[in-house]
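Trainee: I have a model open and want to read it feature by feature. Where do we start?

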Amino acid sequence: MNAERFTDLAAQMMRSALDSWRGGNRLFAVLHAGMGSEFCLKAILCHHDPLLISAHGDRALRFHTLGFAGEKGVKPLEQARTIGMAEAFKDAEVVMQGRMPVTLDAFTPVMESRNGIAHLAHHNPATAEHVVSTALQVAEAVRKELDTPATDFWRGYAGAFHDLSKVAAMPAMPKVGLEQAAEDLAQAEAKEAERAALDVAKSTAATAADAIARIPLWGDALGSDKAARHALSVAHRAVVSAALHTTSMRAQRAAADLLKSYGYLPIGRDSEVSATDAVAVKTLVARNVEGAFRGALSSELEFTLSEPSSDVVWRPRPYEAAGYGSYLWRWEPCPACPAWGDMYGYLEHDVCAVEECNAGVYCGEHDDWEPITAHAQAFACPVCCLVLDTEGELEAAYMELATNYEE
């Protein structure tokens, strides 16, 4: 990722936030504004040096940026870890040298909306307006720092983005209550997730206590008391992970049913709900469920968020390889929770680049290498179970594979 890419993503998200505000969807506006702000902050940091967004301990982005991509022990770029939003804001304040228009305290509600409690703003119009307007101020300041033309960044909102009342007055198609329905579903599923987390904690506590009391009897089998306690810990976390997976899967099915009831057609041009709104609904539900579960059992779930892959979390592979070309898979940060999910796609051979060639496919005579195009198919998070499995949803979530893929 570079400054230009982050800037493009920030502009798209900010325009989506304004689209939602224009249509009266305050919740979706808050969600998009929060995500857009994070892209803005990382854009200005990357503008000065991509290393500024590298998380502590990251062995992918740092070494790739420094030119050591092919060295032993360097992780693939797809596994790069970046800093969080609070740290990005503080660092952006430094590189902007006093030109950041808001304080950290004023920006905190924006970070909270990005981290999963956007539903609080939905019931408080003043809070929602503060989040969106603050995000817009930061975006505009970053745009000026990067010398990006206002018409390119804001497009049709170039003359109105600074005044949300003007944006709201712009003609827009009214929504049919999907926002409120999504909010109600997210809160209901969050309560169910919290109940499930507490139930699994209670059900395993007595068993674990009894097992630990018997540890001395297991010395020969497990080698030591420490090894036995570790085995019990892993087993306990596996139970918690399975409970979260089951709860999250049910919540995502409920979100899909809700979208279907409002006329969402995942594949089709006649859908009454846009792919952007569909992603917002799925993400909102997944974020609330994972957040409620993590709030109840934070220590048990901390391990699932520390690395892209885990020894306990079940990482399903429900998608078969494509019938042609080569199959691709990589890790991708989940847009709904702090975990890493699985990105699926396939490689397709391009046609010959020479127009006069009638081969119809790559002929092997007119290029130095075989041109290949990568196509994104689906994203699945093993923690919150968010699944985006159509081209429109992946585009709305700004997930894509590189256009040209080098083997």
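Predicted model: local features only at pLDDT ≥ 70, side-chain atom pairs only at ≥ 80, totals over all residues.

Trainee: Which residues of helix 7 are buried?

Mentor: General idea first. An α-helix has 3.6 residues a turn, so residues three or four places apart point the same way. Now the case here. The buried residues of helix 7 include Ala-128, Val-131, Val-132, Ala-135, Leu-136, Val-138, Ala-139 and Val-142. Glu-140 and Arg-143 are also among them.

Trainee: How many aromatic pairs does the structure hold?

Mentor: Four. A pair of aromatic rings is described by the distance of the centres and the angle of the planes. Take Phe-89 and Phe-107: they are stacked, at 4.6 Å centre to centre with 15° between the planes. Phe-89 sits in helix 4 and Phe-107 in helix 5, 18 residues apart, so this pair links distant parts of the chain. Both Phe-89 and Phe-107 are buried.

Trainee: Which other pair is stacked?

Mentor: Trp-154 with Phe-161, at 4.1 Å and 5°. Trp-154 counts as buried because its relative accessibility is 0%. Phe-161, at 9%, also counts as buried, because the cut-off is under 20%.

Trainee: Where does Arg-26 lie relative to Trp-21?

Mentor: Over the ring face, 3.9 Å from the ring centre.

How values were computed. Residues numbered from 1 in each chain as written. Heavy atoms only, no water. Buried < 20%, exposed > 50% of the residue type's maximum accessible area, 1.4 Å probe, protein only. Helix = DSSP H or I, 4+ residues; strand = E, 2+ residues; numbered from the N terminus. Phe/Tyr/Trp six-rings, centres within 6.5 Å; stacked < 30°, edge-to-face > 60°. Lys NZ or Arg CZ within 6 Å of the ring centre and 35° of its normal.
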